[in-house]
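Please read the points below alongside the model. They are meant for someone who has not seen it before.

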Amino acid sequence: MAEDHSMDTPEYIPRKYARKDSYEALGNAIKLSLDYEQDAVRRNTNAFNTGRYQATGKIPDYESLKDRARAIKEDAIRRLPELLDTLRSSVEQNGGTVYLARDAEDATRHISELCTGYNAELVVKAKSMTSEEIHLNSVLESAGMEVVETDLGEMIIQLADEQPSHIVGPAIHRNREQISTLFKEHFETNQSLDSGEELTKFARDLLRKKFIRADIGISGANAIAADSGTLLLVESEGNIRMVSQAPPVHIAIAGIEKIVPSKADLFPLLELLGPSGTGQPLTSYTNLITPPLNLRPFSFNHNPPDTRSFHLVLLENGRMDMRDDPMLREALYCIRCAACLNSCANFQTLGGHAYGGETYSGGIGAAWEAGTHGLETAKFGELCTGCSRCVPQCPVRIDIPWLNTVLRDRMNRSGDSEKFSFVYRGLLQSAPEDTTAPFQKQFFGNFATLARWGSRLAPLSNRLAATSPVKALLEKTVGLARDAELPQFATRTFAQEYKASRHDFNGSTPEVQKDAEVVLFPDIYVNYLHPSWGMAALGILNRLGIQTVVSDSFADGRAALSQGMVTTASDRAHELADGLKRYLDEERDIIVIEPSVLSMFRSDYGHLLNDEHLLTLFRERTFDPFEYLLNAANLTGRIQEMTADPGTISWPPRIFYHSHCQQRTSDAAEPTVKLLKSLGFEVKTSSVECCGMAGSFGYKREYYEVARQVGKDLAVQLEDAESEFGECLVAASGTSCTDQLKALTGRTVMHPLEILDSLLYTK
Amino acid sequence: MRIMTSRSELIEQFLREAERSGASVTAVIRDSEKVYDTIKTLIPDGTTGILAAPDHLDPALFDPLRQISGIRENPDDNTLESAWYGITDAFAGIARTGSVCVAVTDGLGGSASLFSERHIVLVDSTDIVYRPADLLQSDEITSGGYLNNMVMITGPSATADMGELVKGVHGPGELYIILLE
């Protein structure tokens with residue numbers, strides 16, 4: 001291998017931005033990722049993501065298998081001290097040794113001593129995130145050993161001196177041309193190094209010589225059975241088999257969280273790992289080995305022994321503290337499949353060099369960095385927008401958005417914004433616990449207050465906010481991106497519109513309120529930004545003869561929650577529950593228009609309210625408008641009879657529809673598609689995980705460009721749909737998705753409620 | 001969850017999934033001469049290969065293979081590492097994933113299924129289970145200790161790390177499954 005490679009090319013992210021202990025490092029890494037790595041990351045993560053949907057779709061008992069895996073991991077972490085003892089006896093009985101390392105220094109010192117004890121000159125390594133965590137290679141190299149990474153992705157980043165950009169595919173940020181250039185810089189050869197085939201062949205031949213001559217093989221472990229000392233190792237290249245079979249000495253390094261009670265427990269995990277990770281039913285090789293193996297050792301290395309040895313190094317490095325922390329304990333359940341990375345719109349655009357720390361990346365990565373390197377290094381967790389698309393993908397059911405919300409809350413509390421608070425304490429409604437959060441977070445977290453003032457002062461507020469001095473001021477003071485097109489506050493709120501026209505809606509007079517079949521809840525987005533959506537809903541219900549009562553509007557707490565202001569969010573949730581108490585007590589069905597609010601009610605309130613009965617009502621009695629009309633009220637046929645054909649108002653017979661991320665996670669998007677089809681439209685749906693705007697995320701100065709780049713996929717999909725099918729009506733269900741689509745495409749974006757309302761009134 | 005499927009459906013699914021994973025599957029009657037005839041077509045003249053004594057199947061099935069020139073049953077390290085093909089048995093097949101399960105014991109199965117460029121593996125259709133977890137239900141498999149050291153092989157070794165999907169990395173680039181019926 002060629003000698004050291006200087007990192008003078010600006011094309012790749014230097015390791016100095018790997019550690020995200022400052023927002024400056026995060027900002028720099030974001031910029032470099034967007035400039036240089038975006039295309040490769042996007043292509044590779046999307047391939048994993050598509051594969052996962054296909055592969056998990058073929059598991060007949062996918063949901064119960066996930067429950068089983070979750071139960072195994074919960075049980076294992078609960079019994080960890082006992083399992084450590086069991087595992088130690090199992091491995092020792094098999095003829096191996098076990099070392100429990102306190103921290104990175106302890107682990108690397110021990111492994112280094114083991115290696116020098118064998119007079120090792122050449123060490124071959126399989127991919128191991130744990131070895132990345134402890135920076136093992138540099139320690140062994142400074143002890144004079146040659147250390148060769150044998151997973152091809154790891155080999156690439158070893159040559160380039162980069163940190164992994166993905167926990168399963170460490171080099172997904174590089175395309176073939178870049179890999180080819182890297183190899184040509186490093187190796188003098190007559191062989192052609194252009195195609196993937198050629199590069200692989202070259203690496204195979206080079207590494208084969210290393211495998212058979214190596215003194216020691218170092219691997220990680222996907223899981224370890226305490227009762228037998230059996231390691232689960234999954235891979236596709238065969239390098240793990242080589243590392244564990246070819247050299248006479250095998251050292252496995254794993255975090256203590258990888259231990260499960262029994263060999264039988266390995267099976268649900270291995271059945272989930274391949275489908276969730278790379279989208280394969282099983283990866284090419286799923287190894288169950290109980291070392292030391294019985295295979296005859298090779299005689300090629302410089303010091304061939306007669307027998308094989310095995311050493312298991314278990315790493316603590318903060319994990320016992322994570323176990324004692326009710327939130328970080330969740331991260332210990334992670335089986336590192338990377339489904340949360342691949343299904344994350346921000347990760348698909350940025351990759352793990354920006355959306356990651358020194359070792360771990362993606363949504364789950366922030367908790368891991370916080371647990372192993374300290375909370376201050378987890379700043380990249382800001383990139384979790386809470387879109388929730390990872391939640392149904394996690395094979396051990398970790399609520400990753402909630403984990404990141406809690407980490408954000410902890411960072412807010414360690415902040416020092418108190419000194420500014422006199423300025424806005426009177427204006428904003430942060431809970432006392434949240435007043436140390438940065439001003440930007442408190443500004444966005446109190447969106448309801450902002451919207452109330454914005455709407456009261458509209459249209460002046462909208463015009464004012466569009467002027468460049470005000471934009472500059474807003475960017476400077478609250479970090480609002482000056483290029484962002486701001487939401488337009490309604491001149492008249494939904495509540496005012498409704499009040500003015502309530503006589504038109506016979507279902508909503510006070511006399512019939514007690515007989516009303518359904519409650520329409522105007523969320524703050526409908527109330528202050530899109531009153532027309534609320535009026536359309538009311539018009540539809542009225543036409544269909546459904547007696548409706550309109551509740552007061554309350555802030556739901558989503559805005560505060562997404563800033564990590566958990567106490568403020570909880571205050572809002574309690575106020576809202578009080579405000580809707582009479583309807584909840586009567587077990588009324590409640591229609592909620594904004595999907596992010598519906599998902600607050602159905603899932604996030606579980607973290608914010610303590611009343612089980614109330615939570616059940618919020619879960620079971622709240623509906624997306626079309627979920628209510630089609631599923632609960634069963635009105636598909638009636639709607640079809642009562643609506644005009646789209647052609648009568650010269651609409652094209654096609655719709656491009658983008659459902660909201662949280663709407664999809666709550667399984668509430670399908671009825672809208674069904675409805676649009678029943679109206680006679682051909683419906684083309686977007687397949688992006690999230691539009692990128694994600695509430696306030698895309699309005700922030702730091703993330704405006706990220707959000708725009710994330711949104712590119714959505715804009716391209718609309719373009720493709722139209723070039724294939726012809727002009728489409730553009731529809732979306734979420735407030736920020738609508739803003740994003742408008743900003744990216746300049747098109748008129750309708751809410752499906754407005755479409756149905758128009759067709760009902762046209763007939 | 002146990003999925004009740006008839007044996008013929010299991011075999012159908014195994015064939016389908018194994019082909020999907022990139023393996024080539026040939027169904028052969030459980031007879032040593034027939035096995036020989038099939039394997040002979042998979043071995044180009046002049047190549048060297050490893051014949052790993054079976055861990056699970058009847059060794060008599062392998063007997064006629066011994067006469068193939070170039071086949072080695074007790075190779076030295078150089079031959080083991082550089083042999084072009086390797087013949088092993090599998091103690092089970094997995095229908096849902098199209099995998100074959102090879103024991104990694106003191107025999108040559110572990111090496112012959114790894115170092116060669118073409119891996120030829122024999123699996124009996126009566127040893128096919130529905131999913132990986134079903135391996136735990138077989139007394140023969142659990143009491144035989146197969147699950148201590150084994151590999152579930154699903155298609156040839158492969159990588160996407162070099163910017164495109166490539167078959168054949170450190171392990172074999174070709175997997176031929178002989179399904180005994």
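**Notes on the predicted model**

1. In chain A, strand 11 (residues 518-521) and strand 13 (residues 589-592) run parallel and are joined by four bridges. Within the pairing, L520(A) stands opposite I591(A) of strand 13 of chain A. Strands of a sheet pair through backbone hydrogen bonds, in either a parallel or an antiparallel manner.

2. The two strands belong to an open sheet of four strands in chain A, with the order 12-11-13-14 and parallel pairing. Its edges are strand 12 (548-550) and strand 14 (622-623) of chain A, each of which pairs on one side only.

3. The largest nonpolar core has 133 residues, and Y605(A) and L135(B) have the most contacts inside it. Helix 1 (residues 23-57) of chain A gives the largest share of this core, eight residues. A second, separate core has 83 residues, among them V98(A), V124(A), F183(A) and Y130(B). In soluble globular proteins, nonpolar side chains tend to be buried together.

4. What does L135(B) touch, leaving aside its neighbours within four places in sequence? Its contacts include F267(A) in the other chain, along with A92(B), I94(B), C101(B), V129(B) and M152(B). Of these, C101(B) is buried, at 0% relative accessibility.

5. The contact between the chains takes 56 residues from chain A and 52 residues from chain B. Together the two chains bury about 4600 Å², and 55% of that is on carbon and sulfur atoms. On the chain A side, R204(A), R241(A) and F267(A) supply 13% of the area buried against chain B, more than any other three residues. Five salt bridges are found across this interface. R176(A) and E164(B) form a salt bridge, with their closest N and O atoms 2.8 Å apart.

6. How many salt bridges does the structure hold over all chains? The total is 52. In helix 3 (residues 80-94) of chain A, R88(A) and E92(A) lie four residues apart, about one turn of the helix. Their side chains meet in a salt bridge of 3.9 Å, N to O. Both are partly exposed: R88(A) has 31% relative accessibility, and E92(A) has 43%.

7. A second pair has a different setting. R408(A) forms a salt bridge with E382(A), with 3.9 Å between the closest N and O atoms. This pair links distant parts of the chain, 26 residues apart: R408(A) is in helix 17 (residues 400-413) of chain A, and E382(A) is in the loop between helix 16 (362-373) and helix 17 of chain A. Are these two residues buried or exposed? R408(A) is buried, with a relative accessible area of 8%, and E382(A) is buried as well, at 7%.

8. Two further cases complete the salt bridges. In chain B, E73(B) pairs with R66(B), the closest N and O atoms being 2.8 Å apart; E73(B) is partly exposed at 30%, as is R66(B) at 43%. In chain A, E63(A), K66(A), D67(A) and R397(A) are linked in a network of salt bridges.

9. A search of the whole structure finds zero disulfides. For C691(A), the nearest cysteine sulfur is that of C737(A), 4.3 Å away. C691(A) is buried, with a relative accessible area of 2%.

10. The backbone has some details to check. Most residues other than glycine have a negative phi, and most peptide bonds are trans. The peptide bond from P291(A) to P292(A) is cis, with omega near 0°; P292(A) is in the loop between strand 9 (285-289) and strand 10 (309-315) of chain A. The bond from A458(A) to P459(A) is also cis, with omega near 5°. N317(A), which is not a glycine, has a positive phi of about 40° and is buried, at 11% relative accessibility. E587(A) has a positive phi near 55° and is partly exposed, at 38%.

Conventions
Residues numbered from 1 in each chain as written. Chains lettered and ligands numbered in written order. Predicted model: local features only at pLDDT ≥ 70, side-chain atom pairs only at ≥ 80, totals over all residues. Heavy atoms only, no water. Pairing = 2+ DSSP bridges. Core = buried A, V, L, I, M, F, W, Y, C linked by side-chain atoms within 4.5 Å. Buried < 20%, exposed > 50% of the residue type's maximum accessible area, 1.4 Å probe, protein only. Contact = heavy atoms within 4.5 Å. Disulfide = S-S within 2.5 Å. Buried area = accessible area lost by both parts, 1.4 Å probe. Salt bridge = Lys/Arg side-chain N within 4 Å of Asp/Glu carboxyl O.
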